[in-house]
Each structure stands twice: as C-alpha cells, then as structure tokens.
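I opened this model to look up its helices, salt bridges, ring pairs and surface. My entries follow in the order I made them.

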Amino acid sequence: MTITDPPLKQVPAPSCPTCAGAPSPEVHEPPETARERLNRKWNEILQETRVAQTGVQILFGFLLSLAFTPAFGDLRAFDRVLYVITVVLGASSVAALIAPVSIHRFLSGLRMKDEVVEAAGRLMVCGMVLLALTIACTLLLILNVVTDGVVAEVIVGLVMLWFVICWYVIPLRLRRKSRRRSG
C-alpha cells in the first residue's frame, strides 16, 4: 500500500492582459492545517537554530581564546572592558540561540507546541540581536587594536548598518509587501 498526496487543483488562467504575462503557479496546493503550519514553523526554527548556533559558537570560542594570547596583556583598560562586555554578549547569544532546544526537550510530549514555537521564535530574535551586538563589539575590539579609534568606530558603524539592512530592514519590507499583496 502506498500513500499518495491529494490531487492538485488546476488554477485557471488569468483573464486580465497584465496578469496573463506574469508567471503564475500551474498548481494550487491545499491550505495547511493549523497542525501542519505549527509543525512547519517548528522545523523552520530548528533549521534556523542550526545555522545561527554554528556561527555564534565559533565566534564565542574565538572570544574565549583571546584572553589566553600573549597580546591580551597589552590591551588598554577600555579594550579589556570591551572584551568583557563582548564575552558576556556572546554567552548570552549562545544561551538564547540554544534555548529552543532545551525548551523543546523539557516540554516534549506535553502538547504545548504552540507555546514552544512562540517562545523559540522570540528567543531566536533575541539571540540574533545579541549576536549582532557581539559581532559589533568583536569588530570594535579588533579594529581598536589595528586602527585608530575613530576609524574603528566608523567601520563598525557601517558594518552594523549593513547588518540592520540585511537582518531587519529587508525582511520587514518583504513582510509588508506580502501583507499588501494578500490584504
């Protein structure tokens, strides 16, 4: 016995001349059930977590190793304070980005997937903000050592502007565009 997908419905051809030239899907899939949507969202969070965790763990490991290098003793007081702030931000980012796994493990089987997905999504956003701050502080720490302080600050400011555009502005614009299209 094999399980097959439900038959797909054909979408009628657009009647307006403007839409006729636009690419349109030939097939219309049935809408997701609430349970399917929840499972999809959870799987997406897991994939996003895997990507973010790898980056933040590599960065955090690098930060931890800096204190044990000979050059660390030559850092000015400001750079040492910046290092401590950076390590704390990195550890906080690691905690937020790994938290969805812990939440899932503790609540698995309790029929709380709605709550787990919502909490995991919020923690992912929090973790990404903390990760961006960790990257900013790491850049500032490194660039303070190799360039003039003002140059370092300008470069970090420009890089963080790029992060804001990539991580927040573009997704929010796409979300707004999607809402206008569907609303």
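**Entry 1: salt bridges**

Which side chain meets glutamate 118 in a salt bridge? I found arginine 122, at 3.0 Å from N to O. I call it a salt bridge when a side-chain nitrogen of Lys or Arg is within 4 Å of a carboxyl oxygen of Asp or Glu.

Before going on, I noted the ground rules. This is a predicted model, where local features need pLDDT of at least 70, side-chain atom pairs count only at pLDDT 80 or more, and totals for chains, interfaces and linings use all residues. Residues are numbered from 1 along each chain as its sequence is written, and side-chain values use heavy atoms, with hydrogens and water left out.

Glutamate 118 and arginine 122 are 4 residues apart in helix H4, so about one helical turn separates them. I then checked their exposure. Buried means under 20% relative accessible area, exposed means over 50%, and partly exposed is in between (1.4 Å probe, protein chains only). Glutamate 118 is partly exposed because its relative accessibility is 48%. Arginine 122 reaches 59%, so it counts as exposed.

Arginine 40 bridges to glutamate 32, with the closest N and O atoms 2.6 Å apart. Arginine 40 also bridges to glutamate 44, where the closest N and O atoms are 3.0 Å apart. Arginine 40 and glutamate 44 both sit in helix H2, 4 residues apart, about one turn of the helix. I logged relative accessible areas of 32% for arginine 40, 32% for glutamate 32 and 37% for glutamate 44. The search of the whole structure gave 4 salt bridges.

**Entry 2: overall layout**

I counted 5 helices and 2 strands. These are DSSP runs, numbered from the N terminus: helices are H or I with at least four residues, strands are E with at least two. Along the sequence the pattern reads β-α-β-α-α-α-α. The protein has 183 residues, and 25% of them count as buried.

Next I looked at contacts, meaning heavy atoms within 4.5 Å. Among those between residues at least 6 apart in sequence, 67% join residues at least 24 apart.

I checked the length of H2. Its 33 residues should span 48 Å at 1.5 Å a residue, and the end C-alpha atoms are 48 Å apart, so the two agree. The expected span is 1.5 Å times one less than the number of residues.

Which helices do the buried residues of H2 pack against? They pack against H3 and H4. The buried residues of H2 include Leu38, Trp42, Ile45, Val56 and Leu63.

Leaving out residues up to four places away in sequence, glutamine 53 touches Leu97, Ile98 and Val101. I followed isoleucine 98 into helix H3. Isoleucine 98 is partly exposed at 29%. With neighbours within four places set aside, isoleucine 98 contacts Gln53 and Gln57.

**Entry 3: ring pairs**

How many aromatic pairs does the structure hold? I found 2. Rings of Phe, Tyr and Trp (its six-membered ring) pair if their centres lie within 6.5 Å; planes under 30 degrees apart are stacked, over 60 edge-to-face, and the rest tilted.

Phenylalanine 72 and tyrosine 83 have ring centres 4.9 Å apart and planes at 70°, so this pair is edge-to-face. It links distant parts of the chain: phenylalanine 72 is in the loop between H2 and helix H3 (77–107), and tyrosine 83 is in helix H3, 11 residues apart. Phenylalanine 72 and tyrosine 83 are buried.

Phenylalanine 163 and tryptophan 167 have centres 4.8 Å apart and planes at 65°, so they are edge-to-face. Both lie in helix H5 (residues 149–182), 4 residues apart, about one helical turn. Phenylalanine 163 is buried at 17%, whereas tryptophan 167 is partly exposed at 27%.

**Entry 4: surface**

The protein exposes about 13100 Å², and carbon and sulfur atoms supply 66% of it. Areas come from the Shrake-Rupley method with a 1.4 Å probe; for residues, only the protein chains shown count as cover.

I noted a nonpolar surface patch of about 350 Å², made by Phe62, Ile142, Val145 and Val146. Patch residues have over 30% relative accessible area and no salt bridge; like charges are joined within 9 Å, and nonpolar side chains (Val, Leu, Ile, Met, Phe, Trp, Tyr) within 5 Å. Helix H4 (residues 113–146) gives the most to the patch, with 3 residues. Phenylalanine 62 is in helix H2 and is partly exposed at 34%.
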